Amino acid sequence: MAERRGTYAVGRSHSWGDERLSLLSAVGTELTDREVMRHALDQAVSELGGLAGLVHWSCGPAGSRTLRLVLASGLPLPALGGWEEIRQDEAPLAPARAVRDGRFVWLPAASGETAGPGETPGVGEEAPGVGEAVEPGETAGPGETARTAFGSLPAATTVASVPLTGPDGPVGALSILIGPREPTPEQVAFLEAVGRWAERRLSRSGAGVGDCDEYPWWQQRPGGSVVQQSVDAVKAGSWEWGIHTGEMRWDRAGLTLLGLPGGYERRIESWLNLIHPEDMPRVMAATEKSLRERSGYEAEYRVRRPDGTTGWVQSRAHLELDANGEPVRMLGKVWDTTESRMARESVGQALRYMSDAFFAVNRDWRITFLNVEAERLVGPAGEVLGRPLWEGPAGTVPELEDRCRRAAADGRPTGFDIQWPTDDRWYHIRLVSVPDGLTAYLTDVTERRTQAARRAEAERVGAEQAARISELGNALADAVTTQDVVQVVAAHVLPPFGASGLLMLCLEGGRLNVVGSVGYPRTFLSRIDGVPAFAGYRLLNEVLGSRLPRFISSTEEYEQLFPDLTGNPAIARKNAWAVLPLIASGNAIGTCTVSFDEPRRLSADERTLLTALSGMVAQALARARLYDTEHARAQALQRGLLPRALPSPAALTPAVRYLPASSGTDIGGDWYDVIPLSAERVALVIGDVMGHGLAEAATMGRLRTAVHTLANLELPPEEVLAHLNEVVSDLGDDSFATCLYAVYDPITGHCSLARAGHPPPLIVRPDGSVECLEPTPDPPLGAGEPPFSTVDLRLPDGSLLVMYTDGLVESAARDIDTGIAECTQVLTSEYGRLLTCPPPRPRTSGRGAGGRHGTDHDRLDRLCDLLVGAMLPAKRLTADDTALLIARLHGLASGNTAGWPLPEDPVAAGLARTHVREQLEAWGLEELVVTTELLASELVANVVRHARGPTRLRLIRGNSLICEVSDASATTPRIRRAAETDEGGRGLQLVSALSQRWGTRYTAEGKCIWTEQPIGWTGTPP
């Protein structure tokens, strides 16, 4: 025996022992003291081949210290009950002896005799049983189990302990529970080396002996500001991975979520070490696919945190590429999905340990779930899950397959008796069709077949209750908002129990606020809403404080328990209550009350079921409240990105509607705008960035800014789309957008449109006819190449231009062509024609059109409501954003424009002044004559000096007075900063000073320089 031990020592300790010590020495400072000691325990247990490892720490005043068990590895706590606290001056146990003597000790698990090196405890080869009173010369028999205050451990367990020494002496002990064999000298030396390494590590971190203060080294120390704790509570964090450098950085929320210490090594390996080995292939495949395809990254996986806990997280990220299109960084978010997975799995856990057998199959008849009882009938889960049901014993049951297939096809629950082949017993099987397949419940009816009718009815009720639990779980998983949760609970919980009332309260700011109710009068809700938590309403106070449900079967019982609340039952019109606490993530977030019109005493099973359901409701409600908060923030951001108010130029009257998607918190990329141009022209634009999220919203903001810039350059529609296409293409291969850009000229009535992947506009002419442009557009922005085609139309005064995004006309149940046809029917309906018909045109100029615009705007608002109400669902529950822009086009009467050709001669300036004077006097604008003469003279002089003919002068009377001078030159004039001694170069400075605004636009013949002056008088010209 000694020879074999020596071989073991030489063959193992010199290799594995040295390697383990080198591993311990390589442990970095990023580990906490608790992690350090656990790491040391694991290495020591492995080296000595032990059952478990223990760390005891000295607590209490000097002279009467108690050794407290602060860390254990290898055995459950019930097996270590007697080791939790040891008096180091009294208990004859190895840890106490090691601390008291300051040296290595090897003892039986509960012996007072010290065994030195080379000795065997007790008599013979075996050690005494743990915790037994051992007399000299006695041993525990082989195979016996010690039954004492020190738990239940294998017989003949011994303990090897080394002291952990601080500045003033031993402060703790590191112990290994091993078999009866004596540790070899090499093993003793290894254990002592581990102890010394742990002492040095703890001394560097400042851990030492004390009176076990509130947060010693083996506990997690809380910290962080209130703001940071709020951020940590969101359970979401951000990360950044440098692909070439391998550097991996997490923000504080991410570190908290993954359980990483603040000083962790910022390498990709730190993250990989956290991933559960079973999930590693999926995570690596998703990462490789993202890098290969330059696409987004998304994966859900388990993480094994350094503190020993495990949880589910979901991570989503996007790539940043260099100039060559190669990925250089990956930026992402990570959030905790453990609770949502627990919510999805809660029904399965409830069914797992049902007394009846239960299994489920998918639509391919493969087994997806079976509880413990069903494994006895169908087979072990590890062997049958994923296999067809008919390959096992179920395939030999007569008619079972045919009846199951009929039950799945009919979609109705069915039940019948069968004899199961594996045990020849009779079972009543209940089949319930669910969306994903079929569920089966089997109840043993061998002894009670004579009571088949009553038994079948009882099983039917049980099956339907289980089905309701499943339905409630599925419905809560689909519930998005807080109101969705309230409606789901009212629909799936109240009917089975015959209840008539539901009251859900949430704890917010120290008060309980009503978040939803069914069957309660408003007077009662006003009394209960906003009551102080843990202080005001006694019934709710008790439920929240104890976290236990309260069931009250009658009004009399209610008044006896709460005499100060005797008026509430009458006001609420209820006579029985089940008040359930809502606990989510260990926190009491509110209460849920199920009430009855008549007195009702709930059975034990009903109370248990309601209590179980309250946990599912709490998880769904906590998730929904987070969604409500994020959705409100997303909508506020969306509103901030869209125009606050549209201008009302003389050329048109606009009306808009924007409806965000009702599912999800991500914001969309739908947008619209109305941009005034020169010469009373106006540009209308509507677009849709494909996708939802912050990136899409940012793209929408860039496009809006770009359109304003391009429109101010007076570019034609096809060139505007060409520049926008470059903007979108620069954002990456996965960025696309649709856009419709139109320019309307009220003087000529011409409208030029260009489309990039956008639905066609609808044109409603003054006679009520509706025209849809060619439905095939150019490719979306980012997917095609210029040139873009342009459609030129001549639209009469009073026409409507209806522009929209695909959310209005397209959905999962309706293609875009059908939607456009339905939209046309709405516009041509009797009420639609009444709203699209142009109002009577007043006998005023464009300057006095404000009243007309105000009246018409109301009609267009009603038309927007009509289209939205007819095209979208009643509750407007949509998966896509919707933008609608309707514009009434107003042509400018011919009497409001005047133009003259001018000679290519210096006399042209004098002729221009004469034309201006005569026309303004005819329009009754004498107060503008002097300024306009000077502007026209300067513009004409500039053309004569620097450009070439032919030259033309035009005046336009609209919301402002516009003066235009055009020529055949493409040279753009610019303001020159003339010196004091220069004789010229101040003409455009004078133009800029005298006009409200001025600019240049290019025409087919050359260019046009224009100025605008405000018209102060708004009366009707003669």
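Is arginine 38 buried, partly exposed or exposed? Arginine 38 is partly exposed, because its relative accessible area is 27%, where buried means under 20%, exposed over 50% and partly exposed in between, computed with a 1.4 Å probe on protein chains only. This is a predicted model, in which local features need pLDDT of at least 70 and side-chain atom pairs count only at pLDDT 80 or more, whereas totals for chains, interfaces and linings use all residues. Residues are numbered from 1 along each chain as its sequence is written, and side-chain values use heavy atoms, with hydrogens and water left out.

**Overall make-up**

- The protein has 29 helices and 39 strands, these being DSSP runs numbered from the N terminus, with helices (H or I) of at least four residues and strands (E) of at least two.
- Of the 1022 residues of the protein, 48% count as buried.
- Among contacts with a separation of 6 or more, 59% join residues 24 or more positions apart, a contact being heavy atoms within 4.5 Å.

**Arginine 38**

- Arginine 38 is placed in helix H2, which covers residues 33-48, and, leaving out residues up to four places away in sequence, it touches Leu71, Ala72 and Ser73.
- The C-alpha atoms of arginine 38 and alanine 72 are separated by 7.8 Å, although the two residues are 34 residues apart along the chain.

- The buried residues of H22 are Pro717, Val720, Leu721, Ala722, Leu724, Asn725 and Val728, and they pack against helix H21 (694-712), strand S28 (737-744) and strand S29 (750-756).
- An α-helix has 3.6 residues a turn, so residues three or four places apart point the same way.
- The axes of H21 and H22 come within 10 Å and cross at roughly 150°, the axes being lines fitted to C-alpha atoms over the stretch in contact, with angles that run from 0 to 180 degrees between N-to-C directions.
- The crossing of H21 and H22 is right-handed, a term used if the near helix is turned clockwise from the far one by less than a right angle, with left-handed used if anticlockwise.
- From H21, Leu703, Ala706, Val707 and Leu710 meet Val720, His723, Leu724, Val727 and Val728 of H22.
- The residues of this contact between H21 and H22 divide into eight nonpolar, one polar and no charged, where Ala, Val, Leu, Ile, Met, Phe, Trp, Tyr, Cys and Pro count as nonpolar, Asp, Glu, Lys and Arg as charged, and the others, Gly among them, as polar.

**Nonpolar cores**

- The largest nonpolar core has 50 residues, and those with the most contacts inside it are Trp671, Leu724 and Tyr741; such a core is a set of buried Ala, Val, Leu, Ile, Met, Phe, Trp, Tyr and Cys residues joined through side-chain atoms within 4.5 Å.
- Strand S28 gives the largest share of this core, seven residues.
- A second, separate core has 39 residues, including Val485, Val489, Met504 and Met616.
- Leucine 724, leaving aside its neighbours within four places in sequence, is in contact with Leu703, Ala706, Val707, Leu710, Cys739 and Leu781.
- In soluble globular proteins, nonpolar side chains tend to be buried together.

**Loops and backbone features**

- The peptide bond from proline 786 to proline 787 is cis, with omega near 5°, and proline 787 lies in the loop between strand S31 (770-772) and strand S32 (791-794).
- Proline 786 counts as partly exposed, because its relative accessibility is 38%, and, its neighbours within four places in sequence aside, it is in contact with Ala722 and Asn725.
- Aspartate 424, in the loop between strand S16 (414-419) and strand S17 (426-434), has a positive phi near 60° in a residue other than glycine, and it counts as exposed at 53% relative accessibility.
- Serine 585, in the loop between strand S23 (576-584) and strand S24 (587-596), likewise has a positive phi, near 55°, and is partly exposed with a relative accessible area of 41%.
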